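Please open the model in your viewer and keep the selection tool at hand.

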Amino acid sequence: MPTSTFSFTRLRAQFIKEILSVLRDPRSRMVVFVPPILQLLVFAFAATLEVRNVDIAVYNQDSGRWSHELIQRLDSADFITRLHRIDNRRELHTLIDRGEVIAALAIPVDFSRRIAAGDSGIAQVLVDGRRSNSGQITVAYLSTIAADMGVEIVPDAQALTPVVVRHRFNPNLIYRWFIVPGLTGILALFSALLITSLSIARERELGTFDQLLVSPTSTPEIIISKSLPALAIGTLLGLFMISSGVFLFGIPFTGSFILLLVSLVLFILSVVGIGLMISAVSMTQQQAILGAFAIGVPSVLMSGFATPVENMPVFLQWLTQAIPLTHFLIIVEGSFLKAMPPGDILASLWPLAVIALVTLTMATVFVRGRLQ
Amino acid sequence: MLACSITETTLQRENTAVVIEAVDKHFGNVQALRELNADIQYGRLTGLVGPDGAGKTTLMRIMTGLLAPNAGRVTVSGYDVVDDNDAIHVLTGYMPQRFGLYEDLSVMENMQLYAQLRSMDARYNNELFAELLDFTRLGSFTTRLAGKLSGGMKQKLGLACALMARPRVLLLDEPGVGVDPVSRQDLWRMVQALTDEGMAVVWSTAYLDEAERCESVLLLNRGQLLFEGPPQKLTAQLEGRSFRLENVGAERRTVLTKALDLPCVSDGVIQGAGVRVVLRDGAQPDDIQALADQAQVRLTAVPARFEDAFIDLLGGGPGGTSALAERLSPVELGSDIAVSCRNLTKRFGDFTATDNVTFDVHKGEVFGLLGPNGAGKSTTFKMLCGLLKPTSGEAQVVGHDLRRATGAAKSRLGYMAQKFSLYGLLSVRQNLEFSAGVYQLERSTRRERIDEMIDTFDLADWLSATPDSLPLGLKQRLALACSLMHRPPVLFLDEPTSGVDPITRREFWTHINGLARKGVTIMVTTHFMDEAEYCDRVAMLSRAQLIALDTPDALKQGAAGVDNPDPTMEDAFIHLVETADREMEARA
């Protein structure tokens, strides 16, 4: 009987087995197909960085015209649900302490007088520091409203008009334009990670992994046959997200689709390597799922999806370079909005290729290590 | 006279621990128990006997109040298991198949935990613990983690925990599974002591030889009670129907096949060099005598066994001809040695699992690897089929070194794991296709072999079903079909029949015997001593070393003494392990 180290017949048999295992298993189907759709809906419609529906408290000590004007403007502001009017400073603090309002505005006695005198009116804003992100955004909104008034009051004082900020690439700062491309990477990451991390662990639970190891199949064949289904499903999910970004959310796709596709494949391959490593060391499917999340969640947090990589300590910045998602996010966000030139894409593409090579090699070593 | 019989009935009733009345239990469409009526007495060991899926665990869980029957009622010590559920938990001690030991706690910590769960007075604990530790002989292991105990020791610790609250009824769910004969002997001794104190002990088992040790048995099959009473009563019905063809020797597999194909024979097995047969009810031993004459061997009548009776109740075992082996062409090998190992050693850290083991297995031999739990039997087995790399020494399969020519060696061996590792998510046909593909059969051969297997093993009606939904017997056939797809000259079987009913086991061994006759070499590990009897030679491992290697008959002979002139395989096992232990201690 011929026993080469590589056989297409064996590979084909294993590939069919892997695809069927994913598609015929209701649990795998759930893990693979439900989260993407849920995440798409949740992230696209519910998770938002905008501040809406907040309550604000106002302690007005001034009885002049300008303070009334300010309060009226706040009243009609979209993002404020309710304006609490209070009459002592202590309550101001109480409301913030209880979390009933996110910010409180204290208007001093001489507010209108100072504006009438040509000075700028000064009002104090207290913000709930526990919700720092939303708080800061609220302050920004409040400042805009106050600045508008300042401009109105002193129409000829150009100097008071703030610098006009124009946001490039996403002029209206539509948060979906920013989130949906990123989601492509996250979904592909989790689906590929889960499919592969379950694959060996499932066989180990069934006892079929031993059966596979006593057959003449070689470790590279096992790795390839377990990578392909994840690669196929991950790529399809990625493409699904990209097309829903373009067609459903109308995000301008300005880069090269071919380069993005190549990056997506390399990205998934590097994740597949990680998933197979997790699977090789897990004894049960439960351990494998836990392992996948223990790697997946920090990857997302550190990838620059939610917080800029530049803000991290230097040694963590080094670590983020080893996370495939970091590089893929740069490419996918660049391809959508920035029309990123091929040169820049390549700068992020080669690290992906290196990571894929390293993780897949390590996965092979790990699986072979099972045969100690 | 009348008064006397009344007192007897009352006495019996007072002595009744568990009353089971017309109990029905189903899970969805699956009928687990049907119209079951039975009594269990105090001071007696009652065996709950039957193959996997007979309903043993379901009945156990009903008796402990963990499941409610769909119809009928069960009372334990006069308390209804449904209405007086709280009382049941106090009265009964239950040891499930996998006792809930906390693997990361030590032996002592586990016992303390169970004492606290039973809200027992801590002051009396030390005394009780000392007593239980002494009873279970776990005294020197109190600080060892439960996860690091051997199978037998875990069972004993489980038993100690179940005994914590001095239950009146003790329910043990398959305590003998995965426990070697030495530890099993210990468990029997402990249970004996408990019944002597008046406790009712229920021991569920799929091993029919265990049933014979019980004072009374409830024999279950597919949720129905086949027999209730002392096992001797059942075996007595078979008296005069069991025979053995003595010292048949090399021809025994052929003789067994011929015997099983006789219309008068209902069941037959190999026992060392002999063949043991059971005749059908009312059949005369003429034909079997003729077979004995033809083979020029002596035919002797032997006492009936409980297993004979069970098979007889189910209508006899399968025939003797293996459709599979009929189709195979005889195996041709370059040399007479099919499997060999030289100074095979495996160390895990500073623990030596297999220590310098050397032996050769001849072509067409059925070779058994036996040993107590943790003796290194499965480590050795795994090195021989390439699942583990030896630390030193070498292993060869049909002349190929497993380390150097891995692919070549692996394509020459077939492997069937415990619990038939099949792909549960794939259909029967997809499983067959996968094994054909992974052993690199080309398209035309592949189709031919798959059709042949479907035909041989009667799988045609089940092709689109998943293996998990198949009856056990079919599942086993499928696993065998998958492992033989590439016609390997060597077949490795890792505890192939654990938890399988005796009929399915017979069918399996019919195939194995057929394969051996065609020159396929069989390597097998097993906990069933009657399976060891099928082997041509048996290697006994204890504490990582090879302590004996001989034919089953020779091993049995070695254990014979004045008090036991005709020892069983189990006696031989215990004798060998204990002798080896003594020698090792003497050297130390």
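A crossing is called left-handed if the near helix is turned anticlockwise from the far one by less than a right angle, and right-handed if it is turned clockwise. This is a predicted model, in which local features need pLDDT of at least 70 and side-chain atom pairs count only at pLDDT 80 or more, whereas totals for chains, interfaces and linings use all residues. Residues are numbered from 1 along each chain as its sequence is written, and chains are lettered from A and ligands numbered from 1 in the order in which they are written.

Select helix H16 (residues 428-438) of chain B together with helix H17 (residues 443-456) of chain B; helices are DSSP runs (H or I, at least four residues) and strands likewise (E, at least two), numbered from the N terminus. H16(B) passes H17(B) in a right-handed crossing. Their axes come within 10 Å and cross at roughly 135°, where axes are lines fitted to C-alpha atoms, for helices over the stretch in contact, and angles run from 0 to 180 degrees between N-to-C directions. H16(B) is therefore oblique to H17(B) (under 35 degrees counts as roughly parallel, over 145 as roughly antiparallel, 65 to 115 as roughly perpendicular and the rest as oblique). Show Leu432(B), Glu433(B), Ala436(B) and Gly437(B), which meet Arg446(B), Arg449(B), Ile450(B) and Met453(B) of H17(B); two residues are in contact if their C-beta atoms, placed from the backbone, lie within 7 Å.

Next, show both chains: the contact takes 26 residues from chain B and 27 residues from chain A. On the side of chain B that touches chain A, H16(B) gives the most, with five residues.

Now select helix H10 (residues 257-281) and helix H14 (residues 342-369), both of chain A, which pack at an angle of about 25° with their axes 8 Å apart. H10(A) and H14(A) are therefore roughly parallel to each other, and H10(A) passes H14(A) in a left-handed crossing.

Finally, centre on Ile268(A), which, with Ile522(B) and Met523(B), has the most contacts inside the largest nonpolar core, of 240 residues. Such a core is a set of buried Ala, Val, Leu, Ile, Met, Phe, Trp, Tyr and Cys residues joined through C-beta atoms within 7 Å, buried meaning that 20 or more other C-beta atoms lie within 10 Å of a residue's own. Leaving aside neighbours within four places in sequence, Ile268(A) is in contact with residues including Ala188(A), Ala192(A) and Gly234(A).

Definitions and conventions
A residue is buried if 20 or more other C-beta atoms lie within 10 Å of its own, exposed if 12 or fewer, and partly exposed in between; C-beta atoms are placed from the backbone.
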